[in-house]
Amino acid sequence: MVPWEGYVSDETMGTFAPIVLYWVYAGGYQLILHRRPLERYRLHTRAEEEEKNLVSLPAVIRGVLLQQLVQAIVAMILFMVTSDSSTVLVQRPIIVQAFQFLVAMLVMDSWQYFVHRYMHQNKFLYRHIHSQHHRLIVPYAIGALYNHPLEGLLLDTVGGAISFLVSGMTPRTSVFFFCFAVLKTVDDHCGLWLPYNIFQSLFQNNTAYHDVHHQLQGSKFNYSQPFFSIWDRILGTYMPYNLVRRKEGGFEARPLRD
């Protein structure tokens, strides 16, 4: 039994709940990001954000909305093609759903690592497509899905579809998986190192880890996203870092390689 049962379908929730959650969670971060008490948790100063970022907030919002439009269309098509209206889907036991969750996480990580890495290695793809995301040298939550539309389709939307299909999860399970993936992706770009943040505590691939990738010296490292750092460690693209306090307040994710 889920709260939306009898009101909207699992397929509708799987399509739109992650989008709504993105704006609620990222919007919350955006509201607190510039509050003075939060300055001591920032990974970059406000001055750095204003000086280094090459795109305005309104442009970022438009870019994210475009990606989410494409995402919603693909999700509706995917659910329409894979659903069978003549069959009543029975939810698997929790232990099976947990396994499907883990499989989907590993599949999504694998897809995103290799596509992401190739977009950095191929000069044409980087210059014309992936560099759009790196206009945010100082990441913030709302910009988590700020990508070139083609990258958004290939990296995030297709990656999500493959994760759903390979794991064998039901549309209902996918609601929780895609919402979890959205929360994790937003948190990885939030620009704050917060105490008691469950994502930053449980995952080595977290806000500071991904912040290193957005820095010039880390741009060819720490490709893994959004969950684990497995492929970076296996394939030699892991860049360790120290999280140090800045004199003026806040933290800095300082790479340990030149």
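User: How many aromatic pairs turn up in a search of the whole structure?
Analyst: The search finds 18 aromatic pairs. A pair here means Phe, Tyr or Trp rings (for Trp, the six-membered ring) with centres within 6.5 Å; planes under 30 degrees apart are stacked, over 60 edge-to-face, and the rest tilted. Keep in mind this is a predicted model: local features need pLDDT of at least 70, side-chain atom pairs count only at pLDDT 80 or more, and totals for chains, interfaces and linings use all residues. Residues are numbered from 1 along each chain as its sequence is written, and side-chain values use heavy atoms, with hydrogens and water left out.

User: What's the geometry of Tyr25 and Tyr29?
Analyst: That pair is edge-to-face, at 5.2 Å centre to centre with 65° between the planes. Both tyrosines lie in helix H1 (residues 10-33), four residues apart, about one turn of the helix. Helices are DSSP runs of H or I, at least four residues, numbered from the N terminus.

User: And Tyr29, buried or exposed?
Analyst: Tyr29 is buried, with a relative accessible area of 7%, while Tyr25 is partly exposed at 24%. The cut-offs are under 20% for buried, over 50% for exposed and partly exposed in between, using a 1.4 Å probe and protein chains only.

User: OK, why is the Phe177 and Phe227 pair called tilted?
Analyst: Because the planes of Phe177 and Phe227 are at 40°, with the ring centres 6.2 Å apart. The pair links distant parts of the chain, 50 residues apart: Phe177 is in helix H7 (residues 171-188), and Phe227 is in the loop between helix H9 (207-214) and helix H10 (230-235). Phe177 and Phe227 are both buried.

User: Which residues do ring pairs link into a cluster?
Analyst: Phe101, Phe177, Phe178, Phe180, Phe199, Phe203, Phe227 and Phe228.

User: Switching topic, what sits over the ring of Phe203?
Analyst: The charged end of Lys184, 5.0 Å from the ring centre. That takes NZ of Lys or CZ of Arg within 6 Å of the centre and within 35 degrees of the ring normal. Arg233 also lies over a ring face, that of Tyr238, at 4.0 Å from the centre.

User: How many residues are in the largest nonpolar core?
Analyst: It has 24, and Tyr22, Tyr29, Val60, Val186 and Leu192 have the most contacts inside it. H1, helix H3 (57-82) and H7 each give two or more residues to this core. A core is a set of buried Ala, Val, Leu, Ile, Met, Phe, Trp, Tyr and Cys residues joined through side-chain atoms within 4.5 Å.
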